[in-house]
Amino acid sequence: MLGDKKDLLGLKELSAQEINEILTQAEFMKKIVLSDNKKSQHLMGRSVITLFYENSTRTRLSFELAAKYMSANAANVSAGTSSVSKGETLIDTARTIDRMGTDIIVLRHSMSGAPHLIAKNVKASVINAGDGMNEHPTQALLDMFTIREKKGRIEGLKVAVTGDILHSRVARSNIYGLTKLGAEVSLGGPATLIPPHLEDLGVKVFKSIQEAMIDADVVMGLRMQLERQKSGLFPTLREYNRFFGIDEKRMQFAKPDAIVLHPGPVNRGVELTSGVVESSFIDEQVTNGVAVRMAIMYLLSRRENI
């Protein structure tokens, strides 16, 4: 069970039982988020620090609100990536925060493996809020929570993940989590944006998103990282949208009751048309993100000698 673990570093390390435990706890936490009195005692007396070395709005604010809704003492530390030149500097920063009596450290870092590094060097629980191109476990968990909420299950569903798979830590975490829960995962996007050997993870890979979307119950678009355009991985945004953008016409390949998800922020007219965005559950994903992060912090706080 998650309460027996010190950290949440990725879905690769979690079992199906632990993932379901988080999703079930999040159902209760969402009631708090939607209530008029957004205050519980679940983390009373605990301290939570968000330590972000990359820019973030949704994830960081979501964690901070989640902590405050549960009566934790919450604070944040912002640091530009230019201020971290060596792994030792990151460890020293984390140790300093740890020695202030911190119970939970939420870390986002551009270096893959950074949360795993500091987890070995602090007593506090460490939650991975995104590390390089490795994983973004809490985003995948809120995606799965939304799917289960809207479809009633995950096992047996077909989930099509489309777009920039290569640079997406969201895609990796979703692949780990969805396959463990019994979903069929299909990937579609430009060949230059799909890493090799993904089939080894139990997914199907297609070079066109139409093929990936056939009979899909869930269509998940990924953010096109515009900063990557200069590297020549695809011609232009217009060309990308023409061949790989999700629009109403391409949605016809999916099941009639298919739902659309996206981690946000959306580049309208690139990954998704405005019409698809408006009919999606992206806004509800944001709400669910708070509930899921509340569930994770609460479950981790239950371990002995936190």
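Predicted model: local features only at pLDDT ≥ 70, side-chain atom pairs only at ≥ 80, totals over all residues.
Q: At what angle do helix H1 and helix H5 pack?
A: Helix H1 covers residues 16-34 and helix H5 covers residues 137-151, and their axes lie 10 Å apart. Angles from 65 to 115 degrees count as roughly perpendicular, and H1 is roughly perpendicular to H5. The angle at which they pack is about 70°.

Q: Is Gln139 buried or exposed?
A: Gln139 is found in helix H5, and, leaving aside its neighbours within four places in sequence, this residue is in contact with Val170, Pro263, Gln285 and Arg293. A residue counts as buried when its relative accessible area is under 20%. Because the relative accessible area of Gln139 is 7%, this residue is buried.

Q: With the side chain of which residue does the side chain of Gln139 make a polar contact?
A: A polar contact requires a pair of N or O atoms within 3.5 Å. For the side chain of Gln139 the distance is 2.9 Å, and the partner is the side chain of Asp143.

Q: How many Å apart are the end C-alpha atoms of helix H2?
A: Helix H2 runs over residues 58-69, which makes 12 residues. The expected span uses 1.5 Å times one less than the number of residues, so at 1.5 Å a residue the helix should span 16 Å. The model agrees with this expectation, as the end C-alpha atoms are apart by 16 Å.

Q: What is the relative accessible area of His167?
A: His167 has its place in the loop between strand S5 (158-162) and helix H6 (169-180), where its side chain makes a polar contact with the side chain of Asp164 at 2.9 Å. Buried means under 20% relative accessible area. His167 is therefore buried, with a value of 9%.

Q: How far apart in space are Leu107 and Phe52, C-alpha to C-alpha?
A: Leu107 is found in strand S3 (residues 104-109) and is buried, with a relative accessible area of 0%. Not counting residues up to four places away in sequence, Leu107 touches several residues, among them Leu51, Tyr53, Leu90 and Ile118. Although Leu107 and Phe52 are 55 residues apart in sequence, their C-alpha atoms are separated in space by 5.7 Å.

Technical notes:
Residues numbered from 1 in each chain as written. Heavy atoms only, no water. Axes fitted to C-alpha atoms, helices over the stretch in contact; angles between N-to-C directions. Helix = DSSP H or I, 4+ residues; strand = E, 2+ residues; numbered from the N terminus. Parallel < 35°, antiparallel > 145°, perpendicular 65-115°, else oblique. Buried < 20%, exposed > 50% of the residue type's maximum accessible area, 1.4 Å probe, protein only. Polar contact = N/O pair within 3.5 Å; in protein donor to acceptor, adjacent residues only side chain to side chain. Contact = heavy atoms within 4.5 Å.
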